[in-house]
Amino acid sequence: MNWADAGFTIFGTHVLWTDLVGNIAALSTVLLAMRKSMWTWPVQFTGSVLLFIASINAHITGNALKQAMFGILALYGWWAWRRGTQGGKQLAIRPAGGWERLLLIAALVAGTLLVGLLFWVTKLSWGAQVPLPKGAFLVAADAYIFVGSAIATWAQGRALVDFWMVWVAVDLVGVPLAFSSGLVVSGWVYGVFFVLVVVGFVKWLREYRAETAAAPRVAVAQ
């Protein structure tokens, strides 16, 4: 057995260390993002690498591609946050502007259509193996989660408060999809992720409002 197959058995199920540690890293990324820690991105990159290996080992090509995307976006996020905190500055978080929100929504809709078509033609989505019409729904949901995850991570790199809400929109599909597909463990992981994301959104929004309220007082004092 090679190291990629290493794991342990619990209740008759073999659990890969790459899958377990990768998912722990993914959840830790949310906690670190709440604190606006630069460790968010190295931990996300590490988790993506581990889950990529686990997905390749399980022959789940679509999920492997998603993890590769997360790894690339983690590098972008680290660069963007590092640039935004040069000189000891605090990371400046803000809500997206009107045009940015339109761009996010348009990218989500168009991206889901294009990626969904790609997943269907190439059979990268497991849903493509399921008979119509359920198969088409599963592929669309898979594409929506894929594209939404990419958009959320990109918006996180830009320190937009809205990135938390994109994750909420993704989980509203991901949680019931996992449970309805019999992926109970994944469903619970998505559920925990959903709760953390809501908490993160409230925390970032409060911090932004507090910083905005304090800015005029600082200006007057000067």
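Me: A helix is a DSSP run of at least four residues marked H or I, and helices are numbered from the N terminus; in which helix is the place of Ser55?
Reply: This is a predicted model in which local features need pLDDT of at least 70, side-chain atom pairs count only at pLDDT 80 or more, and totals for chains, interfaces and linings use all residues. Residues are numbered from 1 along each chain as its sequence is written, and side-chain values use heavy atoms, with hydrogens and water left out. Residues 40-57 form the helix that holds Ser55, and that helix is H2.

Me: Is Ser55 buried or exposed?
Reply: The C-alpha atom of Ser55 is separated by 8.2 Å from that of Asp19, although the two residues are 36 residues apart along the chain. Because its relative accessible area is 4%, and buried means under 20% while exposed means over 50% (1.4 Å probe, protein chains only), Ser55 counts as buried.

Me: How far apart are the end C-alpha atoms of helix H4?
Reply: Helix H4 covers residues 98-122, which makes 25 residues. The expected span is 1.5 Å times one less than the number of residues, so H4 should span 36 Å, and this agrees with the distance between its end C-alpha atoms, 36 Å.

Me: Which helix is included in what covers the buried residues of H4?
Reply: The buried residues of H4 are Glu100, Leu104, Leu108, Gly111, Thr112, Val115, Gly116 and Phe119. Their cover, judged by contact (heavy atoms within 4.5 Å), includes the helix of residues 134-157, H5.

Me: What is the phi of Lys123, which follows H4?
Reply: Helix H4 takes in residues 98-122, and Lys123 follows it. The phi of Lys123 is positive, near 65°.

Technical notes
Helices (H or I, at least four residues) and strands (E, at least two) are DSSP runs, numbered from the N terminus.
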